[in-house]
Amino acid sequence: MSGEDTVEHGGNYIFTLTMDEGYSQCDPVVKVNGEVISEGPDGKYTVTGVEKALNITVEGVTIDTFTVSVIEGSGYTISGENSKTVSYNQMAEFTIAPTNANDVLVVSAEGITVVAGENNTYSVSEVKSNITLSVRVYDLSQQLLLASNWSVTDGTITQNDNNLNLSGGQKTISSEYIKKVIEAGYTHIKFTIGTTTQCDDIMLQHSGTWNRYYRLFSTNEPAVARIDLTEFIDADSSSYYSVILNNRVAGNPSNGEITVSDVMLIQSTETTNWTKSNSNIYCAYEDGFIVLDTHAAGNDAYVLTTTEWWARYANNATAAAQSQATLIVYTEWIQQGGNSRGIIWGGAGDPVVALNIGGTAVNNITYSEGNQCYWALDSEGTIKIKCDLLSNRNTYGGFQVNSYAGENEIKYCHSQ
């Protein structure tokens with residue numbers, strides 16, 4: 001409150017009342033010698049004809065309060081009420097836990113700092129307005145798009161809704177994230193890499209030793225980083241390695257920008273038991289297909305299946321009862337690279353042969369105990385493979401691929 005200390009006898013006394021910050025919501029009652037006085041149109045209070053000392057009091061002054069609430073949704077639970085009333089400049093705290101323990105929550109509001117504490121607590125301090133907090137649930141795959149799982153040398157990390165932008169030098173996926181994913185039962189990961197800066201290719205490598213796992217992704221075509229996570233476990237399974245990405249120009253590391261998006265985690269434990277001719281090879285089931293990626297693995301890179309896998313195709317009960325077993329193999333290029341023919345196939349007692357891209361029937365499949373199947377590429381590339389073993393009584397075969405009907409079905413017919 002402001003005004004003069006004295007006033008002449010019979011004169012008018014004028015004063016103003018200004019509320020401190022944090023008290024703007026209240027409706028104060030001003031009294032002069034016990035009588036209520038109203039504020040004038042000019043925002044001032046006036047006492048006319050003063051003939052005695054004035055005792056001015058202000059009642060009904062209360063601190064502002066605000067509502068802080070959390071939007072309810074799926075994938076997480078809020079302990080207690082999802083809305084709290086908080087006095088001006090005080091703190092609001094909520095306990096919000098993911099339904100799935102492996103998920104990570106990001107609690108946020110535009111222009112507001114939310115601090116994540118222990119035991120799933122999230123707090124907003126110095127509340128000065130009504131606030132609505134939203135919760136986004138990141139599953140294990142989406143967590144690769146969180147800045148906390150990356151580090152960048154001399155650069156920046158920008159976390160967006162559906163991608164992560166990294167600029168600067170070496171970009172590194174933390175070993176903590178690799179460990180968490182592997183311990184959750186995943187064996188492989190893939191994600192899309194994009195770049196808007198000058199870059200011949202992007203190099204992906206093992207943090208322990210460069211030749212343990214080494215891949216190159218050309219920026220002239222959609223680049224998909226495929227990683228065999230089992231190569232990032234220490235030999236004694238006690239520690240985990242990080243994954244390094246580098247932009248390269250003319251074969252040399254260079255500062256630049258990449259965007260990571262479309263992350264997929266894959267459980268393909270069976271293929272991790274197959275023999276690889278080179279540790280850089282990626283071989284995993286993706287959406288029902290075997291994907292063989294030999295980039296940076298050199299020419300003639302191959303995988304050799306387990307005997308158990310091959311027996312399912314070449315030694316099943318139906319095949320054993322027939323005079324001929326026909327293997328239908330469907331193949332499709334993801335990146336052809338320098339390959340002029342399709343997958344190189346060999347198994348059971350059959351010689352190694354080249355299969356054309358599309359559908360191919362391999363007749364008279366034989367099986368001996370302990371046989372394995374061999375998949376290879378002449379040059380570095382990425383190919384999709386789907387197999388289906390058929391049996392019939394036609395000595396010369398007779399089943400041929402008519403068309404490829406979809407990701408989970410091979411359509412075939414009998415030829416006359």
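## A polar contact at Lys-386

A polar atom of the Lys-386 side chain lies 3.3 Å from the backbone oxygen of Gly-288. A polar contact is a pair of N or O atoms within 3.5 Å; within protein, one atom must be able to donate a hydrogen and the other to accept it, and residues adjacent in sequence count only if both atoms are side-chain atoms. Lys-386 is located in strand 35, which spans residues 382-392. With a relative accessible area of 12%, Lys-386 is buried; the term buried stands for under 20% relative accessible area, exposed for over 50%, and partly exposed for values in between (1.4 Å probe, protein chains only).

## Basis of the model

The model is predicted, and local features need pLDDT of at least 70, side-chain atom pairs count only at pLDDT 80 or more, while totals for chains, interfaces and linings use all residues. Residues are numbered from 1 along each chain as its sequence is written, and side-chain values use heavy atoms, with hydrogens and water left out.

## The chain as a whole

The secondary structure of the protein chain comprises four helices and 37 strands. Helices (H or I, at least four residues) and strands (E, at least two) are DSSP runs, numbered from the N terminus. Of the 416 residues in the protein chain, 44% are buried.

Where contacts in the protein chain join residues at least 6 apart in sequence, 67% of them join residues at least 24 apart; a contact here means heavy atoms within 4.5 Å. The protein chain exposes about 21,000 Å², of which carbon and sulfur atoms supply 43%. Accessible areas come from the Shrake-Rupley method with a 1.4 Å probe, and for residues only the protein chains shown count as cover.

## Salt bridges

Eight salt bridges are found in a search of the whole structure. A salt bridge is a side-chain nitrogen of Lys or Arg within 4 Å of a carboxyl oxygen of Asp or Glu. Three residues, Lys-190, Arg-226 and Glu-286, are linked in a network of salt bridges. Lys-190 forms a salt bridge with Glu-286, and the closest N and O atoms are 2.9 Å apart. This pair links distant parts of the chain, since Lys-190 belongs to strand 19 (residues 188-194) and Glu-286 to strand 27 (residues 282-286), 96 residues apart. Arg-226 also forms a salt bridge with Glu-286, with the closest N and O atoms 2.9 Å apart. Here too the pair links distant parts of the chain: Arg-226 is in strand 22 (residues 223-228) and Glu-286 in strand 27, 60 residues apart. The relative accessibility of Glu-286 is 5%, which counts as buried; Arg-226 is buried at 6%, and Lys-190 is buried with a relative accessible area of 15%.

Another salt bridge joins Arg-136 to Asp-161, and its closest N and O atoms are 3.9 Å apart. Arg-136 lies in strand 14 (residues 131-138) and Asp-161 in the loop between strand 16 (156-159) and strand 17 (163-168), so the pair ties together parts that are 25 residues apart in sequence. Arg-136 counts as partly exposed at 28% relative accessibility, whereas Asp-161 is exposed, with a relative accessible area of 56%.

Four strands form an open sheet with the order 8-10-13-12 and antiparallel pairing. Its edge strands are strand 8 (76-79) and strand 12 (115-116), each of which pairs on one side only. Two strands pair if DSSP finds at least two bridges between them. Strand 8 and strand 10 (residues 92-98) run antiparallel and are joined by four bridges. Tyr-76 has Pro-98 in strand 10 as its bridge partner.

## Residues with positive phi

Asn-33, a residue other than glycine, has a positive phi near 50 degrees. Asn-33 is found in the loop between strand 3 (29-32) and strand 4 (35-37) and is partly exposed, with a relative accessible area of 32%. Asp-262 likewise is not a glycine, yet has a positive phi of about 50 degrees. Asp-262 is placed in strand 25 (residues 256-266) and is exposed, with a relative accessible area of 55%.

## A nonpolar surface patch

Met-1, Val-58 and Val-61 form a nonpolar patch on the surface, with about 250 Å² of accessible area together. Patches are made of residues with over 30% relative accessible area and no salt bridge, where like charges are joined within 9 Å and nonpolar side chains (Val, Leu, Ile, Met, Phe, Trp, Tyr) within 5 Å. Val-61 is situated in the loop between strand 6 (56-59) and strand 7 (65-70) and counts as partly exposed at 39% relative accessibility.
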